[in-house]
Amino acid sequence: MIDTKRKLCRVWALPLLFASLVSGAESLSCEYFVNEDPGLSRAVEAGECEMVNGNVSFRLDASRLVDGFNLVGVRVCNGGHWSVTHTVVVWKLQDATPEITAAEYFWDTDPGLNNATAIAGADNGKGWLDIPVPANALSNGAHLLGVRVRTASGWSATHTNLVHIHSGELTDIVGVEYFWGTDPGEGEGTAVDITPAPTIELENLAIPFPADDCDEYTLSVRGKTARGWGNTVSWTRKNTPASSITLSDSELEMEQGTTHLLQAEVAPDNTLFKNLLWSSSNPDIVTVDASGMLTAIGVGEATVSVKAARYANVENSCKVSVTDNGAGIYGPVAADVTVSSIAGGVEIGGSGAASVRVIGVDGIIVAALQTALPATVSLTPAIYVVTVNGVSYKVVVE
């Protein structure tokens, strides 16, 4: 019952419902609704949401209640992870709620008025209670909890709630499924391959976004043990489509055999899809990898383009000019040095000491050594830029 003369009332949620969500919570928040659920993140933000001894409590604005019965729903968010919604029936009186003089509870079977387990401290002179209900002696599984209070006018109706108890060793999670948007029903979501274990790290699950573009995405996940399916956990994220890509360079000059990281920034910052697709108009001049690393291969000009993987019309480009470094394959080469492709690598001919560096088309240095010539470098099949004493050579290893 709610005292309408008090604008705020404290509501306690059953600890079992939120135990896995709020254990060790650092950024706990709550929201509630009265009679009609507007959806995740759209209900009323609860005041003074806190966890004490495993119980979640918050302040509810009693002015939102109508006279008589009200269905109040509450859910908890910890770091963007929403719990299931817990609902309770609240009775609002026009007059001040009478003081509670006694309270009692029972598990599973109602022994009758005055015969259930008394709740200590019920006669606190207030019209509401913080009720600790021990469950240590209960067996694992579903149990019915009943609670009622007594005032000067007699006993209230008995409020009952179904509580699931689990203690002892954790049971392996043997299945996980997810769905976007509407719940298709238990066992009808998209299954995820997992190794059965007591806990499953959700961030390690490979869950692709749906193909359709939406203003808001709601992902729901649930696990299954030998006892059946557990609670469904949901996350909701709003999405703003990508509108532009800004590059660190619009024009770039590179020397043959060098590398350069072309940095890209996707706007706006809150868009969910920031994956990029890179390409070069002439890979014989310059190549680009998935991170935007450029490698100058041959002398000439090429255009490096990048576009948003999700939004093909959002793109940008950089014009790249590659020049001869003065001693490359297009310039003078020392007479006693030769670089040629051989099966499984590169053979460097000549005499004397040499500084050798090998760069792949992804811009990564795959070999760097000081050696006497002749020498060989083992490489996997690919295109490489081999630099010997400052002289660069393009080599194709097959």
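View A. R42 is partly exposed, at 47% relative accessible area. Here buried means under 20% relative accessible area, exposed over 50%, and partly exposed in between (1.4 Å probe, protein chains only). E216 is partly exposed too, at 25%. The two form a salt bridge, with closest N and O atoms 2.9 Å apart. The pair links distant parts of the chain, 174 residues apart. R42 sits in the loop between strand 3 (28–34) and strand 4 (44–45), and E216 in strand 17 (residues 216–225). Strands (E, at least two residues) are DSSP runs, numbered from the N terminus. This is a predicted model: local features need pLDDT of at least 70, side-chain atom pairs count only at pLDDT 80 or more, and totals for chains, interfaces and linings use all residues. Residues are numbered from 1 along each chain as its sequence is written, and side-chain values use heavy atoms, with hydrogens and water left out.

**View B. The salt bridge between K274 and D269.** A salt bridge is a side-chain nitrogen of Lys or Arg within 4 Å of a carboxyl oxygen of Asp or Glu. The closest N and O atoms of this pair are 3.1 Å apart. K274 is partly exposed, at 35% relative accessibility. D269 is exposed, at 65%.

**View C. D284 paired with K394.** Their closest N and O atoms are 3.3 Å apart.

**View D. A network of E31, D37 and R75.** Salt bridges that share partners join these residues. The whole structure holds 11 salt bridges.

Conventions. Helix = DSSP H or I, 4+ residues; strand = E, 2+ residues; numbered from the N terminus.
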